[in-house]
Amino acid sequence: SDRIQWLPGNFAIERRFEGKGPMGTMSGLEVIAYDTAKKAYTYSYVDSTGAVGGGTATPSGSAWTFAGSGSMGGR
């Protein structure tokens, strides 16, 4: 399941998610925000499996392209 909401000021959204996958039940948090200094959308995430990461997000019409990196368990 996903719950997405605007944070105050409408410069960022918070996404809280949970579900089941190969490693079992998991949950996490992602924030997508507009960085006025970089003039770009950025995102960061963390979840209960130990995955963390982030990068940039580029909108084009109704689609978004996410580019970044992440790790799980230090890898």
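Author: We can go through the pocket and then the salt bridges. This is a predicted model, where local features need pLDDT of at least 70, side-chain atom pairs count only at pLDDT 80 or more, and totals for chains, interfaces and linings use all residues. Residues are numbered from 1 along each chain as its sequence is written, and side-chain values use heavy atoms, with hydrogens and water left out.

Reader: What volume does the largest pocket have?

Author: About 170 Å³. A pocket here is an open set of points on a 1 Å grid over the protein atoms alone, where a 1.4 Å probe fits, with protein on both sides within 12 Å along at least five of seven lines. The volume is the space filled by probe spheres set on the points.

Reader: Which residues line it?

Author: The lining of the largest pocket includes Trp6, Phe11, Ile32, Tyr41 and Trp64. A lining residue has an atom within 4 Å of a point.

Reader: Which strand gives the most to that lining?

Author: β3, with three residues. β2 (12-21), β3 (24-35) and β6 (63-72) each supply at least two. Strands are DSSP runs (E, at least two residues), numbered from the N terminus.

Reader: New topic. How many salt bridges are there?

Author: The count is four, taking a salt bridge as a side-chain nitrogen of Lys or Arg within 4 Å of a carboxyl oxygen of Asp or Glu.

Reader: What does Arg15 pair with?

Author: One partner is Asp2, with the closest N and O atoms 2.9 Å apart. Arg15 lies in β2 and Asp2 in β1 (residues 2-6), so this pair ties together parts 13 residues apart in sequence. Glu30 also forms a salt bridge with Arg15, at 3.0 Å between the closest N and O atoms. That pair links β3 and β2, 15 residues apart. Through shared partners, Asp2, Arg15 and Glu30 join into one network.

Reader: Is Glu30 buried or exposed?

Author: Buried, at 10% relative accessibility, while Arg15 is partly exposed at 25%. Buried means under 20% relative accessible area, exposed over 50%, and partly exposed in between (1.4 Å probe, protein chains only).

Reader: And what does Arg3 bridge to?

Author: Glu14, with the closest N and O atoms 3.2 Å apart.

Key:
Helices (H or I, at least four residues) and strands (E, at least two) are DSSP runs, numbered from the N terminus.
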